[in-house]
Structure formats: C-alpha cells, structure tokens
Amino acid sequence: MSETLAMEQTLGAQHPAREFWRYRELLYFFAWRDVKVRYRQAVFGAAWAVIQPLFSMIMFAFLFGRLAHMPSNGIPYPLFCYCALVPWTYFSGVLNQASNGLTGNASLITKVYFPRILLPAGTALAGLLDFSIASLLLVGMMFYYHTHVSWSLLLAPLAVLLMVVVAMGVSMFLAALNVRYRDIKHILPFMVQLWMFATPIIYSATMIPRRFRPLLALNPCWGMVDGFRACLLPDQPINFHLMGASILVAIAVFVGGIYYFQAMEKSFADII
Amino acid sequence: MSSAIRVENLSKKYQIGRANRTLREHLTSLMTLKSFRNKSREDTTLWALRDVSLSIQQGETVGIVGRNGAGKSTLLKILSKITYPTSGKVKVDGRVASLLEVGTGFHEELTGRENIYLNGSILGMSKKQVQRQFDTIVEYSGVERFIDTPIKRYSSGMRLRLGFAVAAHLDPDILIVDEVLSVGDAVFQRKCLDTIEGLRAKARTILFVSHNLTAVENLCDRSIWIDRGKVSMDGKSPAVIREYMGHVRDSQMVLSTALDGVENRAGNGRIQFTRVEFLSPDGVLQKVIRSGDAVVFRLHYCAHEPIAFPCFGFRMYTEYQTMVTEVGTSHHGIYISSVAPGEGYVDLEIECLNLMAAKYHLSLWLTDMPGTLVYDNVERAVTLEVEGANLFRSGKAMDGRQGIVFFPQKWNLAGMNGHGQYTPSTLTNSKEVPTHAASEAGQTST
C-alpha cells in the first residue's frame with residue numbers, strides 16, 4: 001500500500017476519517033487493553049461496574065427518596081434515580097479516564113504515529129462494557145418494579161448513541177486541553193461533581209422553576225439523562241423542545257471536540 | 001528510481017522553558033494582564049532543524065550520524081509523522097515503520113502474548129498479520145516459556161527481545177531505526193543488525209541512526225552527518241564518518257601530546273621527549289586513528305647537550321595495564337652515534353596498525369645503548385585512542401570485543417568437502433547480503 005504524504009505548515013495530516021478507518025483495529029486494541037487491565041487488577045472484576053452506580057443509588061434513594069421525599073414523577077425513586085445514574089456513570093467514567101488518556105500515554109505519543117483521537121475513542125468504547133453490566137441491573141430493577149414499557153423502548157439504542165456522543169465530545173476537549181494545561185485533571189473531579197448536580201439525575205427537571213429551564217438545555221447531559229428516562233420509563237413529563245436543544249448542544253460539542261482535537265493534535269508530541 | 005523520502009527546507013522550532021502552564025496561571029495572567037513573556041522570545045526558541053534538505057531513493061540504506069542534540073531524532077520524528085514541521089516540505093512515499101524505541105505501548109499487566117498483539121497493532125500490523133506470524137515472533141524472541149506471564153515479571157532483556165521480535169516482523173516499505181542498538185547485549189545487537197541486513201536485501205529503504213559508527217559504516221552505503229540542526233555532510237559512509245569522528249575528537253590529546261610538566265618522569269633529563277604526534281604517512285597530523293591505518297608515530301625530543309648512542313622507544317599498554325608491545329630503535333639494531341643539542345624528532349613508521357579499537361597508553365623511554373643510563377622515562381604519558389574500522393570488509397563490526405590485536409589474514413575453504421558457494425559481502429554491493437534462506441542453501445563466511 002502506497003501513500004503519499006505531503007506535509008506543509010498549513011495542512012494537517014491525511015484526511016482524518018480515512019486515517020481513522022485505517023487504524024480501526026487499533027481502536028479495538030486500545031479499548032481491549034483498558035478493559036483487560038482494569039479487570040485484571042480488580043479483585044471483584046465485573047462487579048465494580050455495578051457497585052458504583054448501585055451504591056450511589058442506594059445512598060441517594062435513602063437520603064433523597066426516603067428522608068427528603070423527593071418527587072419522582074410517579075416512578076419509584078430508586079428506579080428513577082438509577083435510570084439516570086447508569087448513563088451518568090458511563091459519562092463521568094469516560095471523562096475521568098479520557099482526560100488523562102493522552103498524558104497517560106505520553107510515551108506512545110512521542111514514539112509512534114497513529115491518529116491520536118483513537119485514545120479517547122478507545123476509552124469511550126471500553127466504557128461500554130461497564131455500562132452494559134450496569135444496564136443489566138437496570139433491566140432487573142425494571143422487572144422488579146413492574147415497569148410498563150412502551151414503544152419508546154425501541155429508541156433505547158439512540159439514547160445509548162447520544163450518551164456516547166456526549167461523553168466523547170466532552171472528553172475530546174478535555175483530553176486535548178489536559179495536554180496543554182495539566183491542572184485540568186485536578187479540576188475535573190470537582191467539575192464533574194458540580195455537573196452532576198446541575199443535571200436532573202437525583203431530581204426531576206420539573207423541580208426547576210420554569211424560567212431557568214432553558215438554561216438546562218445548554219447542558220448536553222440533560223438530553224442524555226432524560227433521553228434514557230423517556231425511553232425506559234413510562235409517562236415522563238419530558239419537554240421535547242428543551243431536550244431537542246440539549247441534543248443539538250451535544251452534537252455541537254461533539255463536532256467541536258473533533259475539530260479542536262485535530263487542531264491541537266499537531267503539537268501533542270512537542271508539549272506532552 | 002523514485003525518491004522514497006524528500007525533504008525540502010525543513011525547519012523545526014521548539015519553545016524551551018515551561019510549555020505547560022496551568023490553567024490557573026493562564027487565567028490569572030489574563031485577568032491581571034501580566035505578561036508572561038518577560039524573557040525575549042529569542043532565549044526560549046530552539047531551532048532543532050534548520051533548512052534541512054535531502055532526498056533518499058527507494059532501496060537506499062542511509063545512516064544518520066551526529067552528536068546528541070544535533071536534531072537526528074527530530075528529523076526522524078517528523079518523517080514518522082509524530083511531530084510536524086515549523087516550515088518546509090516533507091514528502092514520504094510508502095508505508096513507514098518507525099522503531100524509535102523497542103516495546104512501545106507495552107503494558108505491564110498484560111501477558112507477553114497480549115502485548116505482542118497490542119504492540120503489533122500499534123506498529124501498524126493488522127491482527128491477521130500478527131496471528132499469522134505469531135509463532136515465528138515468539139520463537140524469535142526466545143521467551144516462549146513465559147509468553148503467558150505478565151511482562152511485569154520479565155527482565156529488561158526479555159522485554160527488549162520481545163519488543164524487537166515484533167518489530168522485526170514488520171514489513172514496511174520504509175524502515176526508520178533510531179538508536180535501538182544502544183541497549184541490549186551482544187547477541188541482541190547481532191540480531192538487530194541481521195534483521196536490518198535482511199530488509200536491506202529486500203531492497204527496502206532504511207534510515208538508520210546510531211552512535212555505533214562501525215555498524216553504520218557496515219550497513220549503510222550512504223551517510224548523512226547532522227550537526228546543530230543542519231546537514232553537515234552527505235555522501236559515502238566512510239568519508240562522512242571519518243569527518244564526523246574527527247570533528248568530535250577536537251582535543252589535541254590524540255594528535256599531539258606535549259610532554260612538559262609531566263609527572264612520572266624519571267631520568268637525568270639531558271635529552272628529553274617534548275612531544276608525540278600521530279601522522280599519516282604523508283606527514284599530516286591525524287584527527288582520528290583507526291584499526292589498520294598506516295600511522296607514523298613522531299617522537300619529538302630536545303637534547304640539552306651532545307648525547308652519544310641514544311636509544312628511543314616506548315612501551316604500549318592497554319587500559320588494563322597489559323603490555324601490548326615494546327618498540328625501540330635498539331630492537332632494530334639502529335646505532336645512532338650521536339645527537340647534537342637542540343630539537344629534533346624520530347619517526348616510527350607503522351604500515352598497518354594491528355590494534356583493535358580501544359584506548360592505549362604509551363610509556364616513552366630514552367636510554368643509552370646498554371640501557372643502563374636513563375635519560376628520560378615518561379610513564380603513561382600519551383593516550384592513543386584507536387577507533388574501529390571495517391577491517392575485513394565483511395560487513396561485521398570489529399572492535400575491542402574481538403581482542404587487542406588482529407592479524408592480516410584470509411580464510412581458505414579449499415579443504416572443505418562439498419561446500420556451497422560463499423558470498424563475500426562488500427560495502428558497495430548491498431544486494432548480495434545473504435538472507436537466512438540463502439545461508440541454508442549454501443555456506444556463508446562468518
């Protein structure tokens with residue numbers, strides 16, 4: 001296979017989509033590596049995938065459900081909460097891993113060529129395994145609470161896709177930023193905590209005063225979380241306009257993330 | 001022949017100093033309008049490469065030499081698409097595999113088997129390719145027994161062998177190798193060189209960076225010397241390497257050693273050595289002395305009074321105090337009836353310096369004929385560093401590991417029963433380097 005690569009100062013490298021396709025196997029290997037390493041080291045292995053959202057849910061269910069009697073749109077609070085926690089756990093997990101993904105692989109980046117975007121993409125792919133396991137528990141809970149599902153269940157794959165898009169979009173920005181400003185990875189846990197409270201996970205969006213709701217639309221995670229609820233749980237009061245806006249924001253972040261990442265990619269090896 | 005690599009006016013600039021500001025600092029500087037650029041840009045700019053232009057044809061094996069920090073690795077990184085030029089054009093035609101480090105991407109927790117797949121994929125092999133060659137790779141690495149153990153249990157040598165085993169089974173159009181030979185034991189280095197020679201036989205383009213100048217000279221017909229970001233010389237390997245070596249050895253120690261104020265000096269001093277120089281047979285002061293060179297040892301002296309029947313000579317020692325040889329005018333039966341006061345010199349002409357590459361010390365002596373009266377005796381006054389050379393034109397590295405001396409020699413296989421053809425490989429004819437397959441069919445000279 002012959003390729004002619006002409007690099008000038010203004011041009012980037014090859015066409016990114018073609019390069020990505022050429023290295024698609026490496027994407028699988030990065031995800032495989034992350035999964036293998038994590039599961040090999042952990043004593044409980046797959047159980048960790050469930051423990052985190054499960055324990056959060058139990059804690060929130062007790063604090064907010066039992067004690068504070070948080071309204072949950074006619075759904076048992078634990079289910080209401082957990083349904084949002086599953087995509088959120090994926091999102092925050094991917095964020096935490098990917099923000100460090102470039103700097104953590106500094107030796108690779110300075111020694112070998114491959115499209116760097118494969119690193120955050122690999123993290124996003126690897127996270128799906130834990131997500132699947134946590135989802136099993138979600139399905140179990142839905143059975144337990146005799147949830148009535150409707151045709152919207154068929155849209156569940158789209159909700160998953162949205163979740164991946166949101167997670168990847170934000171993590172591409174963060175990964176690229178972290179190479180330049182190393183304190184991003186220190187700011188991140190704090191940021192993620194705040195973000196979680198800014199997203200209607202443990203509370204319903206209906207609790208937000210009407211005039212502030214449009215602001216929620218700027219949060220791409222809102223569309224993600226409410227999208228899950230809309231698909232899986234019956235009779236949710238979803239404001240589809242706002243959710244649509246949130247989805248658009250998510251797509252914009254994703255596309256913007258790709259562009260930003262590609263633009264910064266040239267300098268990674270120099271400043272990492 | 002089309003050019004595989006073409007570089008035009010390539011320049012690469014780096015900013016030294018703190019490239020990674022923290023976000024906090026950046027934000028506060030914006031808010032307080034404080035300028036971080038107190039230092040002038042000049043101080044913090046480093047031009048790793050400046051206006052480099054070169055062209056490498058398909059099938060060439062080119063060595064790249066230069067001191068540390070000259071810009072060699074930067075050039076390789078740009079050719080490997082790891083970093084990008086500040087200005088200039090780069091054109092690379094063909095699939096590139098870069099070996100800038102062996103075992104790139106190895107993860108400690110994964111087993112050898114898993115790491116082979118991971119490393120192979122990182123280097124650009126498809127999963128099927130790795131699968132197909134898996135057994136050969138494992139056999140090549142020699143870690144068969146431990147292939148399913150996590151590599152955190154491996155010794156550094158095993159890791160190196162495993163990493164190189166994967167890399168050796170790449171089949172790129174263009175191979176870029178950077179300093180991979182500097183680590184590893186002799187067996188490993190031998191394997192590296194053999195693999196590279198194998199690729200050379202297949203007419204692949206190879207760029208080889210190494211400080212092992214003998215290896216560079218053996219493998220590469222053409223060499224490029226990069227100095228401080230610029231191409232200093234580009235041509236046939238022996239000439240470029242000699243120039244480069246001479247440049248490195250800028251001290252006067254080897255060419256000529258002055259002997260005033262030397263300690264360890266005995267003798268009555270009526271005639272003394274003043275200086276030792278190493279010259280070519282034409283009388284040119286040499287910058288570099290290599291094994292097999294024709295050298296003239298010029299021993300300068302100063303006589304303070306007329307001396308009768310002096311004898312000049314020296315003993316040569318290795319670094320480990322083994323005496324290599326003793327030479328003297330008396331050994332040749334040379335009777336110098338007298339020497340007038342004043343300065344002069346005697347020359348020892350050596351046709352072929354049969355010493356291996358190493359550091360040697362000379363202890364000079366000046367006595368009278370019977371050897372009882374010592375005029376001057378300077379212990380270990382002069383150091384001679386002999387550099388390696390492609391002694392037998394065999395493509396094999398010869399240096400101090402093969403001993404202290406070598407003899408003018410030739411092998412004759414006439415007495416062997418039914419031996420096949422053997423191919424003496426020469427520097428100029430890279431196509432005749434035998435591969436494994438060829439060596440099975442016939443005998444090769446080792």
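Select chain A and follow it from the N terminus: the elements run β-α-α-α-α-α-α-α-α-α-α-α-α. That is one strand and twelve helices, where helices (H or I, at least four residues) and strands (E, at least two) are DSSP runs numbered from the N terminus. This is a predicted model, in which local features need pLDDT of at least 70, side-chain atom pairs count only at pLDDT 80 or more, and totals for chains, interfaces and linings use all residues. Residues are numbered from 1 along each chain as its sequence is written, while chains are lettered from A and ligands numbered from 1 in the order in which they are written.

Keep chain A selected and show its C-alpha trace, which spans about 60 × 45 × 35 Å along its principal axes.

Next, colour chain A by burial. Buried residues make up 43% of its 272 residues; a residue is buried if 20 or more other C-beta atoms, placed from the backbone, lie within 10 Å of its own.

Now look at contacts, meaning pairs of residues whose C-beta atoms, placed from the backbone, lie within 7 Å. Among those in chain A between residues at least 6 apart in sequence, 82% join residues at least 24 apart.

The contact takes 33 residues from chain A and 40 residues from chain B. On the chain A side, select strand 1 (4-7), helix 2 (24-41), helix 6 (106-111) and helix 12 (240-271), each of which supplies at least two residues. Helix 2 of chain A gives the largest share of that side, eight residues.

Notes
Buried ≥ 20, exposed ≤ 12 C-beta atoms within 10 Å, placed from the backbone. Contact = placed C-beta atoms within 7 Å.
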